[in-house]
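Please look through the structure below before reading on. My notes are meant to be checked against it, point by point.

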Amino acid sequence: MSATPLQALPIDELRQRSSTKWRKYPADVIPMFVAETDYGLAPAITRVLARAVELGDTGYTPPDPGIRDAFVGFAQRRLGWSVDPSHVFWTGDVMMGVVEILRLVISPGDRVVVTTPVYPPFFDTVEEAGGIVERVPLVRTETGFHLDLDGIEAALAGGARAILLCNPHNPTGTVHTRETLAALADIAERAGATVISDEIHGPLAYDPRAFTPFLAASDAAARVGYAVTSASKTFNLAGLKCAVMIAGATPQAHALQTLPWEVEWRTGLFGALANVAAYSPESDEWHDSLMAALTANRALLADLLADHLPEARYRIPDAGFLAWVDVSDYGWGDNPATKIRREARVALHHGPLFGDEGVGHVRINFACHPDLLREAVTRVGALAGGVTASN
Ligand SMILES: Cc1ncc(COP(=O)(O)O)c(C=O)c1O
């Protein structure tokens, strides 16, 4: 990649932020838990938000804030995905979109497949929609993590009505192949089930050609699917509250039109403004620079773990800035993040929250300055009695 890597903001500036990453723990803790990034905003986003503040433009989101056109353009340009504009809807955030779509497609008490280990709010969201979580764990092989298609088919044969897919997958960074997604769509269609694909990490695939939006995987995928996404993960806009829901085909678009109008009304105006700016061509260069920085960091993390935590198992993610690391060989208990935070003063995400498969694991957010990553892994390495020289 030829883009210049983005520079993370200096730590003293980051400590002035008021978001959860920087306020949850005391200042001597390096925060690498929640999925916020340490970069400044893309210039087009800064401009539009600064202007809105100047104008006191803090009212309600208008009926057509431009999200539809901006998203359709981004999908075509950056993801190679042609989206019918009449299939695009918006709401406050990705998990709000997921819960509303689940409410449309399941009845209370229906089972919904989730593929563990997975982003912890998936469990709560299924329950919020009245469903019951049915776990079908990912299968781990030499080449990485994969959907257990036979397991999912069995769950659907047993009555599960929907699959909540994470594409790409948090926390493993797996980019599911087109073939896998098409096979999943066939399985769902045969069972009369719906696939809801959370694609918030899609723009963070290191090889953009490898990422297949679920709805573009096959004709069957378009018939059985919905996708929910946002610029919020890539462009660090989570607090602004805006996400996009996409219907695979006309019947799903009609279903989304039946949602209470409050669902769209929950979209934050600053979120809408920022998503439109993020999805505009003006932000493509910033996006490339972000990916250059993350490309370097995902490799740096592998080197650091090899030096300081040689017993840790880490597979470099194919998408995203989250690393799923098995540190069970160190004997730090089922939830090593607790000991690491207390004793090494590094806050990592708790593996067991992602499902039983997360016992002995931590999730590391590496969207930060390389020096901060060095310091964090060095601290954890010292806990392991490994190399302790600070960098
Ligand atoms: C897979 C996945 N979905 C959703 C979210 C959160 O999105 P939102 O804040 O828009 O609900 C995250 C945040 O890290 C995530 O990793």
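The numbered points below go from the domains to the ligand, then to one helix and some local details.

1. Basis of the note. This is a predicted model, in which local features need pLDDT of at least 70 and side-chain atom pairs count only at pLDDT 80 or more, while totals for chains, interfaces and linings use all residues. Residues are numbered from 1 along each chain as its sequence is written, and side-chain values use heavy atoms, with hydrogens and water left out.

2. Domains. The protein is divided into domain 1 (11–40 + 284–383) and domain 2 (45–281); such bounds come from an automatic or database domain assignment. The C-alpha centres of the two domains are 25 Å apart. Across the boundary, 30 residues of domain 1 are in contact with 32 residues of domain 2, where contact means heavy atoms within 4.5 Å.

3. Ligand. Which residues surround the ligand? Among them are Ala35, Asp93, Tyr119, Cys166, Asn170, Asp198, His201 and Lys233; a residue counts as near if one of its heavy atoms lies within 4 Å of the molecule. The side chain of Asp198 has an N or O atom 2.5 Å from a nitrogen atom of the ligand. Oxygen atoms of the ligand feature in two further pairs: one at 2.7 Å from a side-chain N or O atom of His201, and one at 3.0 Å from a side-chain N or O atom of Lys233. On its own the ligand has 400 Å² of accessible area, and the protein covers 92% of that; accessible areas come from the Shrake-Rupley method with a 1.4 Å probe, and for residues only the protein chains shown count as cover.

4. Helix H15. Helices (H or I, at least four residues) and strands (E, at least two) are DSSP runs, numbered from the N terminus. H15 covers residues 370–383, and its 14 residues should span 20 Å at 1.5 Å a residue; the end C-alpha atoms are 20 Å apart, so the two agree. The expected span is 1.5 Å times one less than the number of residues. Buried residues of H15 include Leu372, Leu373, Ala376 and Val380, buried meaning under 20% relative accessible area, exposed over 50%, and partly exposed in between (1.4 Å probe, protein chains only). Their cover includes helix H1 (11–14), strand E1 (30–32) and helix H13 (284–308). Just after H15, Gly385 has a positive phi of about 75°.

5. Cis peptide bonds. One joins Thr116 and Pro117, with omega about -5°; Pro117 is in the loop between strand E3 (111–114) and helix H6 (121–128). Another joins Asn170 and Pro171, with omega about 20°, and Pro171 is in the loop between strand E7 (162–166) and helix H8 (178–191).

6. Is Asn236 buried or exposed? Asn236 is buried, at 18% relative accessible area. Its phi is positive, about 55°, although it is not a glycine. Arg345, also not a glycine, has a positive phi of about 60° and is partly exposed, at 27%.

7. Thr174. This residue is in the loop between E7 and H8 and is buried, with a relative accessible area of 9%. Leaving aside neighbours within four places in sequence, Thr174 is in contact with Phe145, Pro168 and His169. The side chains of Thr174 and Thr172 are joined by a polar contact of 2.6 Å. A polar contact is a pair of N or O atoms within 3.5 Å; within protein, one must be able to donate a hydrogen and the other to accept it, and residues adjacent in sequence count only if both atoms are side-chain atoms.
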